[in-house]
Amino acid sequence: MLQITNATIHTPDRVIERGSVTVDGGRIVEVGPAAGTPVPAGAARIDAGGRVLAPGFIDLQLNGAFGHDFTADPSTIWDVAARLPRYGVTAFLPTVITSPLEQVEAAMRVVTGGRPRDFRGAAPLGVHAEGPFLNVKKKGAHNQQYLLPPAAPDVAGWSPASGMRLVTMAPELPGALDVIKALAARGVVVSTGHSMATYDEAVAGFDAGARYGTHLFNAMPSLGHRDPGLPGALLADDRMTVGFIADGVHTHRSIIALVWKMLGPRRMSLVTDAMAALGMPAGQHRLGDYDVVVDATSARLADGTLAGSILELDQALRNLIEITGCSLSEALETMTSTPARLLGLEHERGRIEPGYAADLVLLSRDLRVDTTIAAGEIAYAA
């Protein structure tokens, strides 16, 4: 049992000054004012000293970190998961980019195989398959030789229960709409991305059940005032949540501010799209089959194509606030309750409420991660 007292608790819809949170058995059991709250017998105690206590961060697109690439070696998912709490991440979708379907299924088995003994860290909530059903004209850093046309038999075993949570695909490809319908019916979130879809083709994908857009503006046609295409459809349709990489490299700062005004926190999901170089020195690293050159701000193929990022999720939080002027509570929503709701987990993750998973982040006054609690246990302390 653990009790955190004297915290400024930020959870969607409210802020509790000098609040207290008690956790037990991996769940939050009590939330309220600190004054007069008794410390349960035998409970460990953290005095937050007025610092911000937020729900644990959820990253829907993470290709790897700390020198490990999930596509090349899915067995490293748990190794990375153990170290992600340093960025406030308590849950994530390990992302496997275009590769043989056997590699995707290997990642699914790693996730469903259960956590290692004595594990403390972020929970992999299921795999994000970014491919192989992508448009070759917007393949980005994906290996063209593994691209496939969408086909129902290839995804017949994909469901949250089998380890698949999110699939990025191009909705304009022949057969895509039937595959979108099949996946959505099983509870898999379908995302549109790496696509040349027209506006009408994109909307047809949404009507079939797609509910997300992968890294808005990247690997899709430019937004045009007469030809809005996929980005215009994603921005205009209230059914859609949009993944966004707020690093100032994938999208210009002025566009980040503009999109924020259009979408707000309930339709924007901040992601990192980070690759193996996250948490590592600059130099040469891997993303799937390719060597990637990493400098202080970006990760690129030899021809200059962006290949994921090296963005830390807590840095994305600070970036969004600095660029848009939004409130801390609004920014936190983009990486807590919004992704939880997209995944259908809004009743157990993304908020600080009794009964929810005890995933919490204690932030310093300059919004750096001080302490991360995952499943009720301290997984990181600065």
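**Burial, sheet and ring pairs in a predicted model**

Of the 382 residues of the protein chain, 59% count as buried, where buried means under 20% relative accessible area, exposed over 50% and partly exposed in between, with a 1.4 Å probe and protein chains only. This is a predicted model, in which local features need pLDDT of at least 70 and side-chain atom pairs count only at pLDDT 80 or more, while totals for chains, interfaces and linings use all residues. Residues are numbered from 1 along each chain as its sequence is written, and side-chain values use heavy atoms, with hydrogens and water left out.

Q: Which buried residues does helix 6 have, and on which side of the helix do they lie?
A: Helices (H or I, at least four residues) and strands (E, at least two) are DSSP runs numbered from the N terminus, and helix 6 spans residues 253–263. What covers its buried residues includes helix 5 (229–236), strand 15 (241–244), strand 16 (268–270), helix 7 (313–324) and helix 8 (328–333). The buried residues are Ile 256, Ala 257, Val 259, Trp 260 and Leu 263. They cover an arc of only 165° around the axis, the arc being that of the directions from the helix axis to the C-beta atoms, and this puts them on the same side of helix 6.

Q: In which order do the strands of the open sheet of 3 strands stand?
A: Two strands pair if DSSP finds at least two bridges between them; strand 17 (residues 283–287) and strand 18 (residues 290–294) pair in the antiparallel sense over 5 bridges, and strand 18 pairs in that sense with strand 19 (residues 299–300) over 2 bridges. The order is 17-18-19.

Q: Which residue in strand 18 is the bridge partner of His 285?
A: Strand 17 and strand 18 pair in the antiparallel sense, and the bridge partner of Leu 287 in strand 18 is Tyr 290. For His 285, the partner in strand 18 is Val 292.

Q: Is Thr 76 buried or exposed?
A: Thr 76 is found in the loop between strand 8 (68–69) and helix 1 (77–83), and a polar atom of its side chain lies 2.8 Å from the backbone oxygen of Asp 73. Leaving aside neighbours within four places in sequence, Thr 76 is in contact (heavy atoms within 4.5 Å) with His 68, Asp 69 and Phe 70. At 5% relative accessibility, Thr 76 counts as buried.

Q: How do the rings of Phe 133 and Trp 158 stand to each other?
A: Rings of Phe, Tyr and Trp (its six-membered ring) pair if their centres lie within 6.5 Å, and planes under 30 degrees apart count as stacked, over 60 as edge-to-face and the rest as tilted. By this rule the count comes to 4 aromatic pairs. Phe 133 and Trp 158 form one of them, with 6.3 Å centre to centre and 40° between the planes, and the pair is tilted.

Key. Polar contact = N/O pair within 3.5 Å; in protein donor to acceptor, adjacent residues only side chain to side chain.
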